[in-house]
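Happy to walk through this one with you.

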Amino acid sequence: MELVTVREDVWGREVMLGVSWDLLWVVLALTGAAIILHLLIMAFLSKAPRPSAEGAQLERHAGIDRGFHWIMAISVFVLLFTGVLPIVGVNFDWLTIHWVAGLILTGTVVFHVLRAIFWQRPKDMWVAGRDLREPFDESQKPGKYSLAQKGMHNAMTVLVLLVIGTGIALFAVMDTPWWTRSNALDEATLGWMFMLHGASTLGLIGLTALHVYFAVRPEKRFYTRSMISGWISEDEHKSNHDPGRWSPDQST
Amino acid sequence: MAAHDVMPDIELFQPVTVEDASTLAERLGSRGWILAGGQDTYGWLKDRAKSPRAMVDLAAIEGISGIEAVDGGLRIGAMTSLTTITRDERIRADFSLLASAAGKVASPQIRNQGTLGGNLVQDTRCWYYRRGLSCYRAGGNICYADSPEGMNREHAIFGASRCVAVSPSDTGTALVALDATMIVQNGDAERRIPAREFFVGPAVNITHMTVLRPGDILTAVELPERWAGADFYFEKVADRNVWDFALVSIAGAFRSEAGTIRDARLVCGAVECVPRRLEAVEAAIIGKPRNEETGTAVAALASRGAAPLNFNHFKIPLMENLVKRALRA
Amino acid sequence: MNRMHIGKDFIPPDIHGKVTGKAKYAEDYAVDGMVYARLYTSPMPHARVKNIDAEAALAMEGVVGILTADDVYPTEAPAPALLTNEPVYVGDPILAVAAVDEKTAEDALKKIRVDLEPLPFVVDPVDSLRPKGASARLEGNIYPREMREMRWAGSDVERFVSGQEPTGPAPTEWSYGDLEAGFDNAEVVLEESFVTTGYAHMSMEPRSVLSYWQNGKCHVYGSTQSQSFVVPFLARMLGIEQKDLVFIAEYCGGGFGSKISAYPVLALPGYFSRKIGRPVMLRITREEEYYVGSARVGFQGWIKAGFTKTGRVSAVDLYIVQDLGPKQAGGDASSAGGAVSILYQPDAMRLRDVPVLTNTTPRGPQRGPGQNQIAAVFEPMMDKAAQALGLDPLDMRRLNAPDSSATLNANQGPITSAYMEEALLKGAELFNWSERIKRAGQRNGSKVTGVGVGQGYHSAGASGYDGLVRLTPDGKLHLHSGVGNLGTYSYASTTRAAAELLKVNWDNCVLHYGNTEEHLPWSSYQAGSNTTFTHTRANHVAAEDLLNKMKRIAAEALGGDPGNYDVADERVFDTRNAARGLTYAEVAARAVSLGGEYSGESYPEDIHEVTQRAVQGLAGSGLIGVGKDKLPVRGTVPGLTVGFAEIELDLETGKHEIIDFLAVAECGTVVHPQGLAGQLRGGAVWGIGMASLERHVYDPQNGLPASVGYYQTKPPSYLDVPTSTEWTAVDIADPDNPVGARGVGEPAMGSATAAILCALSSALGGHLFNRTPVTPDLIVNHVSGQGQSFDPMAINSF
Amino acid sequence: MTSNLSRRRFIKSVIASSAAGASSAAWYSASAEDRPAGSVERLVTLNINGRKRPVDVMPQETLAHTLRYKLGLTGTKLGCNRGECGACTVLVDSVTHYACSMLTHSVRGRAVTTVEGLQDSSGALHPVQQAFIDELAPQCGYCTPGQVVAAVALLRDNPNPTREEARQALSGNLCRCGAYDHYLNGVLTAAKRMRSMGQIA
């Protein structure tokens with residue numbers, strides 16, 4: 001099975017067409033396997049007592065960030081479905097929805113990046129040396145974000161930036177209300193764009209699946225709640241985080 | 001590269017039942033090719049621009065050719081030759097629109113061999129695509145025709161979505177105007193698809209011009225009574241009067257009462273990837289007499305929303321003129 | 001004058017095979033052990049072959065071998081190459097592969113890897129002339145008889161594309177008379193820019209070729225317009241002596257200028273067969289015929305013409321950028337100038353010509369090369385001038401019509417004879433011009449009537465070629481014709497000049513043609529409408545030689561002076577006593593016994609080596625009449641035609657219908673009425689194609705051709721031409737031809753193109769598109785008042 | 001046959017074919033003993049010009065290919081091999097078809113007439129052929145066999161065609177020389193002669 005599909009250009013030379021969509025099934029299989037594996041492991045591990053949600057509520061996510069997260073989540077899902085369904089044979093008028101959602105995603109991402117750099121602490125997401133000890137050392141508790149969360153976030157960041165970047169480049173070969181398509185990109189470059197766009201899409205499919213899986217896991221569900229209502233309880237904070245590295249205020 | 005010309009190795013099946021044909025086609029999937037009259041097939045194969053592994057020839061199947069009356073309308077087998085259609089008394093009497101359209105297809109020999117089904121499902125004539133280039137329609141990710149200096153005189157002015165190819169079928173235009181129903185069989189299951197939904201544009205499916213999928217066999221077309229014996233108009237404007245595809249064609253069906261139009265269909269060919277119904281015009285002429293004035297008054301509605309390419313903005317006045325003529329006649 | 005053959009119809013010997021399907025064209029032959037070649041053609045408009053990997057292909061079962069540029073004769077740009085390592089257009093043959101059947105050969109082509117390096121390319125001459133324009137070939141971008149680089153200043157290009165008087169330098173130029181004075185004397189001065197797209201010949205028979213080697217001789221079955229004329233060139237291509245070439249071209253499925261002499265692929269199977277030791281059949285496909293089959297030279301130009309108060313053409317300033325395609329071509333511009341100089345007899349004229357190479361189909365002569373393009377441009381201008389001067393378009397042409405005192409070209413040389421006014425008047429009467437012209441512009445619903453008259457010219461005759469006739473003891477007159485069988489039947493009709501002089505019944509004539517082994521004399525090329533004039537002369541000369549020899553033989557046998565003898569009823573007899581004489585059979589028998597020059601053991605030195613070989617081959621078989629045409633000819637031999645057209649143009653669809661068409665020939669004495677009718681009507685069909693149908697489209701972004709098949713190039717069909725086409729001829733003898741004949745094949749097209757374009761213009765109130773073809777979209781755009789979608793001077797876009 | 005049965009046979013044949021490798025011929029032999037519903041035999045007997053002609057026909061073979069290269073009937077010309085010129089026009093059950101654009105396997109059991117089959121048993125020319133000679137209809141002659149066949153078909157349908165009807169009937173035959181007028185004259189001449197012959201008989 002090829003990783004990329006190849007075709008002939010206008011002069012019969014071989015050029016890359018894009019990622020091979022057979023990989024879609026590989027990605028889905030691998031993700032599924034990973035989830036099943038994790039389910040099994042967790043089933044055998046002795047369950048630690050779950051921290052109570054009672055008590056004071058500490059702010060984890062400001063409303064504006066939660067808003068951003070959910071807008072981004074929706075647009076990513078819209079993009080994945082409008083992009084992938086036609087490939088697997090579900091035909092509908094997808095392109096406009098796809099690029100509009102893409103613009104929304106781009107906007108929110110830009111907003112988030114600016115906010116993270118100037119109004120938040122980007123180093124919250126920085127993977128420091130001691131973070132790496134988390135998996136092996138019970139006593140090693142994370143600051144605001146666990147190593148897994150940082151990993152997920154940073155991987156997402158890379159893929160989203162990649163898919164957005166290539167997506168924007170591909171606007172050149174599309175008719176939009178603002179301009180008509182041109183052949184600015186030669187066929188080889190176009191192939192690269194589609195390959196990267198497709199590859200990052202495949203990555204996002206896997207990561208999104210895992211992200212959703214963890215979001216609904218019982219021991220992590222309070223994080224999901226915090227992404228909806230903003231707060232975690234003192235108990236949850238104490239048992240999952242190192243107050244020395246992260247001490248949130250009481251949420252109002 | 002070569003100017004290929006001989007038929008490549010390909011398997012041939014000549015089943016005698018639709019079920020077998022459907023089964024074969026489904027099994028073969030993208031490696032299969034349904035063969036009707038073959039007039040759009042052999043070029044693809046000889047050019048090696050498409051390389052299926054097997055042809056499923058429908059010619060030997062009984063019951064999917066010929067014309068029969070069905071409750072006020074007609075049922076025309078998909079394998080009925082275009083010549084038969086142009087000559088059939090019932091069609092000429094009640095649905096002369098289809099006879100006229102079929103009579104304008106290609107050349108006498110092609111009409112003798114070519115079938116209604118084949119004419120409906122034939123592929124587009126975009127010369128870049130026909131050359132075998134891997135454009136959007138061929139599964140690639142580029143359109144050569146809709147490019148800054150693309151030679152796109154014959155291409156679409158409506159409904160383009162990355163691909164700008166147009167529907168080449170003369171009979172398709174007529175059948176949409178006649179509110180025909182396509183009868184499609186898959187295995188033992190039968191689907192009835194309105195002509196208008198039978199054709200799909202690039203926005204929805206950029207590699208296929210119809211809703212047919214592997215295993216689908218177009219077995220017949222039904223003409224409903226609704227338009228039987230109505231007033232019709234068909235005109236095809238092409239560079240040549242033989243062996244040519246429409247630059248723009250128009251099919252009109254009109255029901256008039258007391259000198260005014262009660263119901264109407266106007267459909268243009270070769271302006272979009274599918275036969276284009278001119279609903280705005282249809283709506284505007286209801287209750288008006290079918291004459292020069294009406295035509296002049298509504299013609300502009302026909303081309304509203306047109307997005308011409310480098311070399312085809314002549315299609316705008318041309319289709320407006322054809323609307324005038326359809327209403328004048 | 002009461003004639004036996006000239007001016008009468010007859011049944012040419014090859015026609016039976018045509019209607020029964022027994023006629024064998026090159027691809028209809030098959031020989032034992034024959035293998036099939038297929039071509040690998042360039043996917044790029046201009047490239048360099050870096051590597052060819054044919055291993056996988058050669059390893060295939062049934063593949064016999066490949067032929068590349070390294071296996072064939074080398075060529076120097078821009079000469080057409082047989083196979084090339086520098087393809088210069090999409091479709092340029094790079095290599096050929098041979099296999100036991102065509103399918104295997106095509107399968108093999110798919111397995112051959114040709115590594116190509118793209119090079120700069122251009123499909124529009126003007127783009128090549130731009131300051132940073134690309135050159136179609138590494139050696140340069142223009143070809144004024146030698147390859148050079150030439151660019152215009154940006155301002156020159158802008159002026160040209162905006163239709164103003166060109167300021168860009170033109171490498172070739174000729175002129176005569178005082179141009180300024182000419183324009184000063186003019187009442188009306190018109191300036192027009194124009195484009196005539198050069199489109200493919202697309203003969204019905206693709207130029208398939210079969211070759212094999214036998215006893216050291218190369219046998220070639222090909223499709224060419226000419227027969228003997230091909231031999232020296234093909235032998236040179238194959239690198240063999242003429243005597244070692246057996247060339248069979250008994251039938252030719254159409255040429256129209258694209259198969260005049262030996263073209264590269266004609267030699268390909270010969271090379272391939274020599275390399276692999278098997279007979280090789282190369283079947284050319286329709287698409288390949290488009291690629292290697294040649295096309296007309298395209299014109300982008302500007303013209304300024306002055307017309308006096310009375311309607312005389314006082315001065316013409318003509319500037320032409322020629323689209324030569326990527327290879328040798330380009331006589332068209334000066335031919336166009338020549339046509340203007342004779343048809344309108346301007347007091348002063350200048351021609352400037354910029355022959356530019358493009359990476360499009362190779363060009364070559366096509367029916368009236370140059371003359372017919374300019375007919376499409378100048379004739380509508382005549383109408384525009386007539387309108388400005390308030391003259392009738394026909395009178396306008398009569399005023400300028402060439403007669404026998406006419407002169408032409410830069411040197412203002414003389415002509416043999418011309419009766420153009422007679423032609424115009426005869427046509428006008430038959431066509432009822434004075435009534436019809438009143439209908440021009442009449443509206444009937446969405447339709448408008450258009451009426452037009454057009455003129456055509458082509459030089460139509462040469463001299464200095466050989467004739468060869470032979471009388472055999474069975475009393476048969478053998479007519480050896482080196483003329484090719486291109487469909488005009490001139491290979492046969494011209495021999496009738498010999499039968500005429502010798503007063504031999506057609507039933508007693510045996511024709512030899514179409515095969516070098518038939519012992520054929522040296523002949524002119526079957527092109528330029530020249531065969532009728534040239535070979536009635538050559539046959540007459542040979543017949544005269546035979547006649548004199550007969551008289552001498554008779555005098556010797558029966559006494560008296562040869563001058564006393566004459567011929568009748570296939571007898572040579574003493575005019576003083578008709579009873580004393582010999583039958584042709586007896587004369588032939590005596591010639592055989594006499595030997596020497598009588599039976600061809602000896603022959604004049606001045607005959608061509610091809611004819612000498614033919615005579616050697618026939619020596620001893622009868623009485624030989626042979627000779628080189630040294631008859632006087634006082635100047636250029638004009639072939640002239642007039643076309644009259646009435647059309648109905650539908651302003652809403654842009655489509656027009658030709659209601660009536662009349663063609664008038666002014667080609668001296670009519671030799672073969674049916675044949676002439678065929679040429680005039682066929683010319684009309686070609687004229688219709690050029691005026692309104694035939695397309696030649698290239699994508700400037702990638703150099704790909706859009707029109708490679710018939711349904712894309714759009715030659716006229718039955719339903720695109722009038723239901724019937726009328727014709728007539730002036731039929732006044734030309735003094736420099738023994739039977740009074742001149743040629744006419746080519747102008748018949750130009751006059752038709754012109755007549756139809758003039759009719760379209762008259763239907764549109766005098767609007768000139770100054771472009772061919774005028775397709776429905778041009779008309780719809782014009783009528784609807786919206787601009788045309790193409791750049792005004794763009795070529796290869798229609 | 002029931003579609004289930006045939007479907008099962010089809011599955012077998014697919015297995016056989018994939019085992020048999022790429023070549024179509026191989027697929028054939030492999031699937032020959034248990035072929036899928038409707039797959040065709042290669043050895044067929046054709047009815048050409050009234051004669052039975054046994055011939056080995058590949059599945060993809062066009063009629064023009066069989067006629068020209070297997071039966072030596074080279075009167076049927078290949079002008080374009082795309083159904084765009086008419087030089088390969090033949091009659092199949094008295095109807096004109098482009099031999100380049102139909103499969104030989106689709107004329108099994110049908111009567112094929114080529115230009116070679118138009119002369120009568122004595123070898124006398126068909127009236128259309130004779131008229132084309134008398135009118136000097138052909139020029140280069142390459143399209144002529146197709147024009148002859150199309151004209152013969154027309155006169156069988158319509159012994160007394162108008163010039164316009166003849167023009168329509170022959171419109172699927174291109175003539176690059178532009179001899180259309182002469183062919184139409186020939187058709188009308190032939191029609192007249194055939195009618196008078198008919199009256200005599």
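Contact here means heavy atoms within 4.5 Å. This is a predicted model, where local features need pLDDT of at least 70, side-chain atom pairs count only at pLDDT 80 or more, and totals for chains, interfaces and linings use all residues. Residues are numbered from 1 along each chain as its sequence is written, chains are lettered from A and ligands numbered from 1 in the order in which they are written, and side-chain values use heavy atoms, with hydrogens and water left out.

Q: Which residues does A:His38 touch, not counting residues up to four places away in sequence?
A: A:His38 sits in helix α1 (residues 22–44) of chain A; helices are DSSP runs of H or I with at least four residues, numbered from the N terminus. With residues up to four places away in sequence set aside, the residues that A:His38 touches are A:Tyr213, A:Phe214 and A:Arg217.

Q: How many residues does chain C give to the contact with chain B?
A: Chain B brings 46 residues to this contact. From chain C, the number is 56 residues.

Q: How many salt bridges are there between chain C and chain B?
A: A salt bridge is a side-chain nitrogen of Lys or Arg within 4 Å of a carboxyl oxygen of Asp or Glu. C:Lys714 and B:Asp244 form one, with their closest N and O atoms 2.8 Å apart. Between chain C and chain B the count is eleven.

Q: What element gives the largest share of the side of chain C that touches chain B?
A: Elements that give two or more residues to this side include α9 (286–292) and α23 (776–783) of chain C. The largest share is six residues, and the element is α3(C).
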